[in-house]
Amino acid sequence: DLWIIQSSDHDGYDYMATWVDDLICVAKDPRKYMSLVEQQFHLRNMEFKPTLYLGMNIKELPSGYKHLSSHSYINESVRKYEAEHGDLRKSNTPMTMDAHPELDDSPLLGEDGHRQFQKIIGICQWMCHTGRLDNYATSSLSRFAAAPRANHLKMAEQILGYLKKYPKKGIVVNPEAPHIHNHQYNNVEFQEDFGNQYTYFKEKLDPNFPTPKITGLTTMFFCDADHGHDKVTGRSVTGMIGFVGSTPVINKSKRQQAVQTSTYGAELTALKSTVEDVLELRYYLRSMGVAVEQVTPVFVDNRSVVLNVTNPASPLNKKALALAYHFVREHQHGQVISVRTIKTDDNYADVFTKPLGANKFHGFIKEIMGD
């Protein structure tokens, strides 16, 4: 839960977040609120400049920005795993480029191996929750948790080996406007007039939103799809990452629910899913008293998709795709989003759709995560 109250000593809001029995307060004077909580509950390990929360290490950088990582949790998890199962070999990437766990036919694991595999997946899933953005490998292996095979366990151990080699990577909380592809960010590529086609559309605003007292923060999304990535089912993988300011706050690596017979269909499906996440993020920010006034750029590396959803004269007749198509177009018309093209080699969402080679993988990770 996130609790919000208008501050009495400055023109803004104070916040308190709770997760089960852990809480954190972000305010000009947090002691005022913590003393009230302390009257009702016994508090332990209370810090007024916290360095650890939910397994995340919080460090203040010389710039004044905060760096969030999970290196303490990773190091302890790796230590315990190696104490039980032997040393892990360090790995440069979480998964090899040619990995397709769905094709593996190695022997099914016994009870001990099964438990071992699930332990690794549990560790990695928590890493994804606490800010690790290198989560494609975890997503692709999680689906085999009910019946993992011998090679699945080796792949899972490679993820742990990667975490062992790079435990300090994390997120820098930076509210400044994105410097990422700044030339493209400032270039509105399409300004077409949809005429009367979507005049009914208006972005929904909850009347219960608090009065915005925080200057509007820029938001930006990247999305991608790997068409037919799953060699058994033919389903594509959607990848997405969203930024508030220069801080990555939301990401996704997920198989699509239906088979798409074309790259265009897979990319449009990914774009529709991304627009849903854009709306969710804009809602969250407004719920926190943040002004959301600017359009959210969404970068896609498939130019056909961009042209179709931004060109008023472009038709689409397939019903399943047409629903996604009109959903995206009405938000484009309503200036909630601005769909723009980007080169594949510059699309950060690529890291969430497939295993990448070391150079390309680390090129992306270096830009969106800090040490």
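Q: Which residues of α2 meet Q116, K119, I120, I123, W126 and M127 in α3?
A: This is a predicted model. In it, α3 contributes Q116, K119, I120, I123, W126 and M127 to the contact. On the α2 side the partners are Y73, I74, S77, Y81, E84 and H85.

Q: By class, how many nonpolar residues has the contact of α2 with α3?
A: Two residues in the contact are charged. Three are polar. The nonpolar ones number seven.

Q: What is the relative direction of helix α2 and helix α3, roughly parallel or roughly antiparallel?
A: Two packed helices are described by the angle between their axes and the distance between the axes. Here the axes of α2 (residues 71-85) and α3 (residues 111-129) come within 11 Å and cross at roughly 175°. Angles over 145 degrees count as roughly antiparallel, so α2 is, relative to α3, roughly antiparallel.

Q: How many disulfides does the count come to?
A: A disulfide needs two cysteine sulfur atoms within 2.5 Å. For C223, the nearest cysteine sulfur is that of C128, 20 Å away. C223 is therefore in no disulfide. For the model, the count of disulfides comes to zero.

Q: Is C223 buried or exposed?
A: The cut-off for buried is under 20% relative accessible area. C223 has a relative accessible area of 0%, so C223 is buried.

Q: Which residues of strand β6 are on the uncovered face?
A: In a regular strand the side chains alternate between the two faces of the sheet. Strand β6 covers residues 66-69. Its covered face has H67 and S69. The uncovered face has K66 and L68.

Q: Which residue in β6 is the bridge partner of I58?
A: Strand β5 (residues 56-60) is joined to β6 by four bridges, and the two run antiparallel. They form a hairpin with five residues between them. G64, in the turn, has a positive phi of about 95°. The bridge partner of I58 in β6 is L68.

Q: Which residue in β7 is the bridge partner of S69?
A: β6 is also joined to strand β7 (residues 170-173). Four bridges link them, and they run antiparallel. S69 is on the covered face of β6. Its bridge partner in β7 is G170.

Definitions and conventions
Residues numbered from 1 in each chain as written. Predicted model: local features only at pLDDT ≥ 70, side-chain atom pairs only at ≥ 80, totals over all residues. Heavy atoms only, no water. Axes fitted to C-alpha atoms, helices over the stretch in contact; angles between N-to-C directions. Parallel < 35°, antiparallel > 145°, perpendicular 65-115°, else oblique. Contact = heavy atoms within 4.5 Å. Nonpolar A, V, L, I, M, F, W, Y, C, P; charged D, E, K, R; others polar. Buried < 20%, exposed > 50% of the residue type's maximum accessible area, 1.4 Å probe, protein only. Pairing = 2+ DSSP bridges.
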